[in-house]
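Welcome, and thanks for taking a look at this one. Below are some notes to read with the model open beside you.

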2 protein chains.
Amino acid sequence: MGMRVGIDIGGTKTHAVAVDAAGDVLAESTRPTGRGHEQVLVSAELVVADLAGIIGVAPETFESIGVGIPGTVDVHTGYVSHAVNLGIEGLDLAVELGTRIAVPIYLDNDVNAAVLGAYRVLGHDLASLAYLNVGTGLAAGLVLNGKIHRGFGGFAGEIGHIPVEPNGLLCACGQIGCLETIASGIAIARRWPTDDSQPIRALFRAAEAGEPLAQAVRDRLADGIVDAVRILVLTTDVDAVVIGGGVMTAGRELWELLDQRFTALAASSPFLESVDLRGRVRPVPPGPSVAAIGAALLGETHPALTLPGSAHAGTAFA
Amino acid sequence: MGMRVGIDIGGTKTHAVAVDAAGDVLAESTRPTGRGHEQVLVSAELVVADLAGIIGVAPETFESIGVGIPGTVDVHTGYVSHAVNLGIEGLDLAVELGTRIAVPIYLDNDVNAAVLGAYRVLGHDLASLAYLNVGTGLAAGLVLNGKIHRGFGGFAGEIGHIPVEPNGLLCACGQIGCLETIASGIAIARRWPTDDSQPIRALFRAAEAGEPLAQAVRDRLADGIVDAVRILVLTTDVDAVVIGGGVMTAGRELWELLDQRFTALAASSPFLESVDLRGRVRPVPPGPSVAAIGAALLGETHPALTLPGSAHAGTAFA
């Protein structure tokens, strides 16, 4: 077993790691993510070339390249759609990347890649883990009994579309008051629009300065994250919930709000005290992108991919 | 592999089945459930004697006896607590029953037994299944990728304590507006008290006759069941959700209300239309109690139980 590459294609940056057979990180690279089909592919090619250069091998030496990407991902065909932030309507990403770099390509959505990576990094004393992504949207990835859990239709962890606010905002999904309308980048943009280039930090600054609307939006954000954790734990009873995503860059102030809420819930409910929501949540582990690490592991854990008409059908997209 | 017995100890009736090595039902028995420690044990002994008599063997011939029971069950020690409807505060049920019948005893809560049995009966084309029990309380059992999923602390499926009504009723758990305060026998007793011996049917009759409060309580009940199904599917993405429990004895009228709601949701949300909640729900399969069948299977699927101090430690409670 040789080296594998994992690429985490985010809205602004593309992180990549090369890992050895034990899953340890050998090299890292980060580049800005280009927008649109061609530029997204170029960003991916560049980080792979970076890693190959650092290690001193040809890119074709890598055993596999795994990609985690936001949007709707067909893990069987390697097709990505609705990756709106990347300017991708629909792209045969695995095929296209496999054409440029002759290595088997594996693909999954960013949240599934993140939970796989977080599970690897946090160690093997956990049977199950959720990765709650509070990013542009809200969704979770699940590792249950040591394996990624996608579910029947790939909807596992789509808790952003569970309504929790009966008279809330209309969600893009067509429902009213979904978690995603309260706790996500989209929610903040709708409830507290700003021209600031860092809207989350601006929101917390304004709330801190006493602006009532900012305080209300910030507090509801924290409520929604707590709701999401409670839904995950009372449904799947995962050992731990890692909370990540762009909104969590708010940092310590947001964690303090969460902490207050978990403490108050445990004080009001002996049942929730025994569930211990507070003891289960944790931040994203420091170090290289867990989504990139998880993407690298896709080559280990995914079923062999077949591509109709591919010369390499039966193995992967290369 | 010989015959196994499964016992479903309910609030009013105790159902039991004997199954062969293939899991097919050989014999059935139903008795009223006695109240309190001694009478619950006597009810269990009686149904086992019934099955032995029907088949024409001694009770000790059975390979194992599995018991599904409401309340908090420690599957490792066989201890039951808080089975309030049965008049049980705390009972070493596995030890006590194993003393009376020298057969290995396995124990789980009724909802886990029911999902195991439903999974067996509905067949093996399902990877995952939830059993949503709308009984005195509201909770679900989960089979994920063919195996019972209990979670880290035994809280998997405890969705009855997810709040969905911000200004709702105080739940026994200490939170406000939990699903269980809307969709359960407890909820109906609080919201629409009656002396009728069949409160669910009385509620539906009164609603049908035009009583506004009965209609409101009935409609919220249906809303709550739909909420529960949506939470289960958007979190775990199970292939199917079986809905059972005493409240579902309301029958066709309740299923029609659920059907209307699933249809309306799919019409308002292309996302939920693609998830197809309506296509995933189904009633409890007809025939012998699925909880009794599932209880019989506990002897197959549970880890070997050990009992401190037992002469048979390492195998089970016998």
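This is a predicted model: local features need pLDDT of at least 70, side-chain atom pairs count only at pLDDT 80 or more; totals for chains, interfaces and linings use all residues.

1. Now look at how strand 5 of chain B meets strand 6 (residues 79-83) of chain B: the two run antiparallel and are joined by three bridges. Which residue of strand 6 of chain B is the bridge partner of B:Val73? The partner is B:Val80.

2. A:Val80 has A:Leu91, in strand 7 of chain A, opposite it. The hairpin made by strand 6 and strand 7 of chain A has four residues between the strands, and A:Gly87 takes a positive phi near 70° in this hairpin.

3. Chain B also holds an open sheet of five strands, and here the pairing is mixed, with the order 3-2-1-4-8. Why is one side of strand 3 (25-32) and of strand 8 (105-109) of chain B left without a neighbour in the sheet? Both stand at the edges and each has a single partner strand, so there is no neighbour in the sheet on one side of each. The twist in this sheet averages 15° from one strand to the next.

4. Within that five-stranded sheet, you can follow strand 2 (residues 13-19) of chain B along strand 3 of chain B: seven bridges link them in the antiparallel sense. As a landmark, find B:His15, which stands opposite B:Thr30 in strand 3 of chain B.

5. What lies across strand 4 (64-69) and strand 8 of chain B? Helix 3 (residues 110-122) of chain B does, and this helix runs at about 100° to strand 8 of chain B.

6. Next, the place where the two chains meet. In chain B, 42 residues are in contact with 42 residues of chain A. The area buried between chain B and chain A is about 3,000 Å², and carbon and sulfur atoms give 61% of that area. Between the two chains there are zero salt bridges, while the count of residue pairs in polar contact, both at pLDDT 80 or more, is 20. On the chain B side, strand 10 (138-144), helix 6 (212-236), helix 7 (252-268) and helix 8 (270-275) each supply at least two of the residues that touch chain A. Helix 6 of chain B gives the most, with seven residues. Sorted by class, the side of chain B that touches chain A has 21 nonpolar, 15 polar and six charged residues.

7. Although the contact between the chains has zero salt bridges, the count over all chains comes to 30.

8. Which residues does A:Asp50 contact, leaving aside its neighbours within four places in sequence? A:Ser29 and A:Arg31 are the ones in contact with A:Asp50. For a sense of scale, the C-alpha atoms of A:Asp50 and A:Ala202 are separated by 34 Å, with the two residues 152 apart along the chain.

Notes:
Residues are numbered from 1 along each chain as its sequence is written. Chains are lettered from A and ligands numbered from 1 in the order in which they are written. Side-chain values use heavy atoms; hydrogens and water are left out. Contact means heavy atoms within 4.5 Å. Buried area is the accessible area (1.4 Å probe) that two parts lose on being put together, summed over both. A salt bridge is a side-chain nitrogen of Lys or Arg within 4 Å of a carboxyl oxygen of Asp or Glu. A polar contact is a pair of N or O atoms within 3.5 Å; within protein, one must be able to donate a hydrogen and the other to accept it, and residues adjacent in sequence count only if both atoms are side-chain atoms. Ala, Val, Leu, Ile, Met, Phe, Trp, Tyr, Cys and Pro count as nonpolar, Asp, Glu, Lys and Arg as charged, and the others, Gly among them, as polar. Two strands pair if DSSP finds at least two bridges between them. Axes are lines fitted to C-alpha atoms, for helices over the stretch in contact, and angles run from 0 to 180 degrees between N-to-C directions.
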